[in-house]
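Good morning, everyone, and thank you for making the time. Please bring up the sequence and the structure, and we will walk through them together.

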Amino acid sequence: MVLAQLGGSISRALQQMSNATVIDEKVLNECLNEISRALLQSDVQFRMVRDMQSNIKKIVNLDDLATGHNKRRIIQQAVFNELCKMLDPGKPSFTPKKGKTSVIMFVGLQGSGKTTTCTKYAYYHQKKGWKPALVCADTFRAGAFDQLKQNATKAKIPFYGSYMESDPVKIAAEGVERFKKENCDLIIVDTSGRHKQEAALFEEMRQVSEATKPDLVIFVMDSSIGQAAFDQAQAFKQSVAVGAVIITKMDGHAKGGGALSAVAATKSPVIFIGTGEHMDEFEIFDVKPFVSRLLGMGDWSGFMDKIHEVVPTDQQPELLQKLSEGTFTLRLMYEQFQNIMKMGPIGQVFSMLPGFSAELMPKGHEKESQAKIKRYMTMMDSMTNAELDSTNPKLMTESRIIRIARGSGRTVRDVMEMIEEYKRLAKIWSKMKGLKIPKKGDMSALSRSMNAQHMSKVLPPQMLKQIGGMGGLQSLMKQMGSNKDMASMFGGLGGLGESMVSRLR
Ligand SMILES: Nc1nc2c(ncn2[C@@H]2O[C@H](COP(=O)(O)OP(=O)(O)OP(=O)(O)O)[C@@H](O)[C@H]2O)c(=O)[nH]1
């Protein structure tokens, strides 16, 4: 079961429960059993699932809930909190500081994506103005140094390694020493992939750690590892001081539940996830927005960050304005396609919205998708301004479609396909209507100052209605306790995303 399916199953269990006229113990138990089944099928450890179930039961005391309280919301909130608790070890990992040298050592199983992730991590920081460097202490796998060298050269990141030297401890120490002298602020040490049965390799890993004295050891884990995750992660933790986890291949068909187990085994937070083979398919991991997305609740704060990151600054206010108006024109689609083509790997903005990018650009089909977008753009080049700026799909009459097809050298069918795609995107876009979008940096200000009054102003009316108006919002905020939680739950409120997904299905 992939994570999205897990989210879908949990949402469905909650939905079924809310369809019941009375939520009593039996209904609650059925719902929790359904959720537990979904988690177990996703490879989450049995013990964790059992604990979660009993915790929710402790929190949700049906008798104590006065009538009038929204039981479904309270239960949904408890599920949300428990999933967050599973992924949150309660203490943040060491965070390197720009300008101050930090040594970061990467460990993980063979083929987990460690070498790729080292470069992604370096590249991510380099883009933010850091001075990273890569050290290849993997002397076990032939070709590891070449791979790192190739990636590093592509990203213009200094690297260190050797074809001759077979002692990884020596290479690691020399590399770290050299880059310290060169004032690099992020020295990343890639080590050999190993398996928990390989005692010698574990000993070697311990020695590399001793020689380089890393500020942080990152355990890289393939999301498809499944139930073995807990034991493997624990074996690494017992040999070196793992302080953070990065989960790779989240774009694949992995069950992903192993991620939860790795957090439990290492008592370390997940800090990033890998979402593809490319250098920039790498995302910061935040527990609450992740769980929110997992439960099909959307992730507004991530979505906003992506808009700020991906869309050129001068286009942002206009795009946000149009987003809150809910109007989507072919010109807007054209402009977004332009951004996508410039940015390379796609879907970064829209992937935050349930159902958006997956269909337009399915993973693994980037080439075809890019070609499709180019084709759409050629056809749009043959459109008039009136056609591009219209929000009325009826404007696209048969004669216009034939003209566009002729003008762009494509078939009528191609033009119709493009218009269908436009309609699909416009439909999703229209759901955004009424969202008052905070400016960059305002999210934290919002979270500090937010009360129900503020919140009600930011939310789209349909979302507010789903929560149960001001009264519902106030009680929800009371349950959540902290305003900070509220901001990260921004997307989760009222289950807008949830209903959005079901509407899109
Ligand atoms: N789809 C996808 N593939 C990934 C991701 N991260 C890494 N890979 C691929 O996974 C494969 C293994 O990655 P490597 O970086 O070579 O793995 P490694 O852990 O360094 O391998 P060892 O040196 O044997 O330990 C490569 O084909 C990568 O392109 C990801 O997030 N998504």
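This is a predicted model: local features need pLDDT of at least 70, side-chain atom pairs count only at pLDDT 80 or more; totals for chains, interfaces and linings use all residues.

Let me begin with a single side chain, Arg 50, which has a relative accessibility of 44% and therefore counts as partly exposed, where buried means under 20% relative accessible area, exposed over 50% and partly exposed in between, with a 1.4 Å probe and protein chains only. Its partner in a salt bridge is Asp 51, with 3.8 Å between the closest N and O atoms, and a salt bridge here is a side-chain nitrogen of Lys or Arg within 4 Å of a carboxyl oxygen of Asp or Glu. Asp 51 is likewise partly exposed, at 33% relative accessibility.

Residues are numbered from 1 along each chain as its sequence is written, and side-chain values use heavy atoms, with hydrogens and water left out.

Now the overall picture. The protein has 25 helices and eight strands, which are DSSP runs numbered from the N terminus, helices being H or I with at least four residues and strands E with at least two. Of its 505 residues, 55% are buried. The accessible surface amounts to about 22,900 Å², and carbon and sulfur atoms account for 52% of that; these areas come from the Shrake-Rupley method with a 1.4 Å probe, and for residues only the protein chains shown count as cover. If we take contacts with a separation of 6 or more, 75% of them join residues 24 or more positions apart, a contact meaning heavy atoms within 4.5 Å.

Let us return to the salt bridges, of which the structure holds 16. Which side chain does Glu 387 meet in a salt bridge? The partner is Arg 403, at 2.9 Å from N to O. Glu 387 belongs to helix 17 (residues 385-389) and Arg 403 to helix 18 (residues 398-408), so this pair ties together parts that are 16 residues apart in sequence. Glu 387 is buried, with a relative accessible area of 1%, whereas Arg 403, at 33%, is partly exposed. In the loop between helix 17 and helix 18 we find Leu 395, which is partly exposed at 24% relative accessibility. Not counting residues up to four places away in sequence, Leu 395 touches Ala 386, Glu 387, Ser 390 and Arg 400.

A further salt bridge joins Asp 414 and Arg 410, at 3.1 Å from N to O. Here Asp 414 counts as buried at 15% relative accessibility, while Arg 410 is partly exposed at 34%. Elsewhere, salt bridges that share partners link Glu 165, Lys 170 and Glu 174 into one network.

I turn next to the ligand. There are 19 residues around it, and those that come nearest are Lys 114, Thr 115, Thr 116, Arg 141 and Asp 251, a residue being near if one of its heavy atoms lies within 4 Å. Helix 5 (residues 114-127) gives the largest share of this shell, four residues. By type, the shell divides into one nonpolar, 11 polar and seven charged residues, with Ala, Val, Leu, Ile, Met, Phe, Trp, Tyr, Cys and Pro taken as nonpolar, Asp, Glu, Lys and Arg as charged, and the others, Gly among them, as polar.

Thr 115, in helix 5, has an N or O atom in its side chain 2.6 Å from an oxygen atom of the ligand. A polar side-chain atom of Thr 116 also lies 2.6 Å from a ligand oxygen, and for the side chain of Gln 147 the distance is 3.0 Å. The protein covers 82% of the 650 Å² of accessible area that the ligand has on its own. Thr 115 is buried, at 4% relative accessible area, and, leaving aside neighbours within four places in sequence, Thr 115 is in contact with Arg 141, Ala 144, Gln 147, Leu 148, Asn 151 and Asp 190.

Finally, how many of the nine residues of helix 10 (residues 258-266) are buried? Eight are, so helix 10 is largely enclosed by the rest of the structure; among them are Gly 258, Leu 260, Val 263 and Thr 266. After helix 10 comes Lys 267, with a positive phi near 50 degrees.

Note on methods:
A polar contact is a pair of N or O atoms within 3.5 Å; within protein, one must be able to donate a hydrogen and the other to accept it, and residues adjacent in sequence count only if both atoms are side-chain atoms.
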